Amino acid sequence: MDMDTIITKWFSTREQKITWSISVAFFLMFPIYFANFAAFLPDGASVIAGSSVSGEWEVSFEETDVATSEATEFLMDGEEYIFDFMFEEQGVNLGYVEITVSHGETDESGANPLAQNQCDNAVGQMRMGQVNDFVRSDSTMEGDSGSPNNCPTSYTMIIMLMENYTGQTYQESGQKGELEGLWVDNGFGRGEYRCQITLETRTGSAPGPGPGPALNNNEDGEEITVSWRVVGVDVTVAPVVAIDA
């Protein structure tokens, strides 16, 4: 069937001609309509989901635990031990990895009332050489148990995988796609996380000469627990709708 025959067939009646005219007009007007429709919306609002659309946006975040893990080891005084954790999953947008170090206190109160509560210290250092990348300026790479007179149950180190991420909702004007692009992990955070713990046990004995073992509470070691929490982030960029007073 040649082209003349096809044209004659599809345009042979008045109804067919009207149908084709409406279709052509629709295809011509469709992009013009949506390009100008935003002018009729409240300030900053838009029905267009395209990444190039400009306006006033509310950027919000939803966090989800992607992976968790925990390990416990008994360390002797002065001993170093490396707790490790592997994360390689792709297809998730990571915000940060949280590492919590905790330990018990088996004998922190000495017999001498002048030297009570000499709490032990679990010094932590993150060894990140096997991780793809992270935001160094925003991350916490070291930690310890704090003052010997104030026994915390735990402390936390955080490895940030998005620069300047806080998780707080905010409003910003600009292109939708540019705002979305600020909050991606860029593939950071995949690899082997290594947390090196060095245990320092502390004594409650009085300094200087004394009866010796009778006042000494310097135990052999402590049980150390390191917990890992990998946090994923879903980002929503939605138009801000003005509310009339």
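Is Y165 buried or exposed? Y165 counts as buried, at 7% relative accessibility; buried means a relative accessible area under 20%, exposed means over 50%, and partly exposed lies in between, with a 1.4 Å probe and protein chains only. The legends below describe a predicted model, in which local features need pLDDT of at least 70 and side-chain atom pairs count only at pLDDT 80 or more, while totals for chains, interfaces and linings use all residues. Residues are numbered from 1 along each chain as its sequence is written, and side-chain values use heavy atoms, with hydrogens and water left out.

**View 1. The aromatic pair of F61 and Y165.** Eight aromatic pairs are found in the structure. Rings of Phe, Tyr and Trp (its six-membered ring) pair if their centres lie within 6.5 Å; planes under 30 degrees apart count as stacked, over 60 as edge-to-face and the rest as tilted. The rings of F61 and Y165 are edge-to-face, with 5.2 Å between centres and 90° between planes. F61 belongs to strand 1 and Y165 to the loop between strand 6 and strand 7 (170–175), so this pair ties together parts that are 104 residues apart in sequence. Helices (H or I, at least four residues) and strands (E, at least two) are DSSP runs, numbered from the N terminus. F61 is buried, at 15% relative accessible area. Ring pairs link F61, Y96, Y165, Y170 and W183 into a cluster.

**View 2. The largest nonpolar core.** A nonpolar core is a set of buried Ala, Val, Leu, Ile, Met, Phe, Trp, Tyr and Cys residues joined through side-chain atoms within 4.5 Å. In soluble globular proteins, nonpolar side chains tend to be buried together. The largest core here has 26 residues, and Y193 and I197 have the most contacts inside it. Among the elements that give two or more residues to this core are strand 1 (54–76), strand 4 (121–127), strand 8 (191–200) and strand 9 (221–239). Another core, apart from this one, has 14 residues, including V59, F61, Y96 and M160.

View 3. Contact means heavy atoms within 4.5 Å. With neighbours within four places in sequence left aside, I197 is in contact with residues including L75, F83, V101, Y155 and I224. T198 is located in strand 8 and counts as buried, at 17% relative accessibility. Although T198 and A122 are 76 residues apart in sequence, their C-alpha atoms are 5.7 Å apart in space. Not counting residues up to four places away in sequence, T198 touches G78, E79, E80, N121, A122 and V123.

View 4. Side chains of opposite charge can pair when their charged atoms come close. A salt bridge is a side-chain nitrogen of Lys or Arg within 4 Å of a carboxyl oxygen of Asp or Glu, and the whole structure holds five. In the salt bridge of D65 with R229, the closest N and O atoms are 2.9 Å apart. D65 lies in strand 1 and R229 in strand 9, so the pair joins parts that are 164 residues apart in sequence. Both residues are partly exposed, D65 at 44% and R229 at 24% relative accessible area.

View 5. The side chains of K176 and E180 form a salt bridge, at 2.7 Å from N to O. These two residues are four apart in helix 3 (residues 176–181), and are therefore separated by about one helical turn. K176 is buried, with a relative accessible area of 13%, whereas E180 is partly exposed at 29%.

**View 6. R136 and its partners.** D133 and R136 meet through their side chains in a salt bridge (2.9 Å, N to O). D133 is partly exposed at 25% relative accessibility, and R136 is exposed at 56%. The charged end of R136 also sits over the ring of F134, 4.6 Å from its centre; this requires NZ of Lys or CZ of Arg within 6 Å of the ring centre and within 35 degrees of the ring normal.

**View 7. The side chain of S139.** S139 lies in the loop between strand 4 and strand 5 (142–143) and is buried, at 13% relative accessibility. A polar atom of the S139 side chain lies 2.7 Å from the backbone oxygen of V135. The S139 side chain also reaches the backbone nitrogen of M160, at 2.9 Å. With neighbours within four places in sequence left aside, S139 is in contact with F134, I158, I159 and M160.

Notes. Polar contact = N/O pair within 3.5 Å; in protein donor to acceptor, adjacent residues only side chain to side chain.
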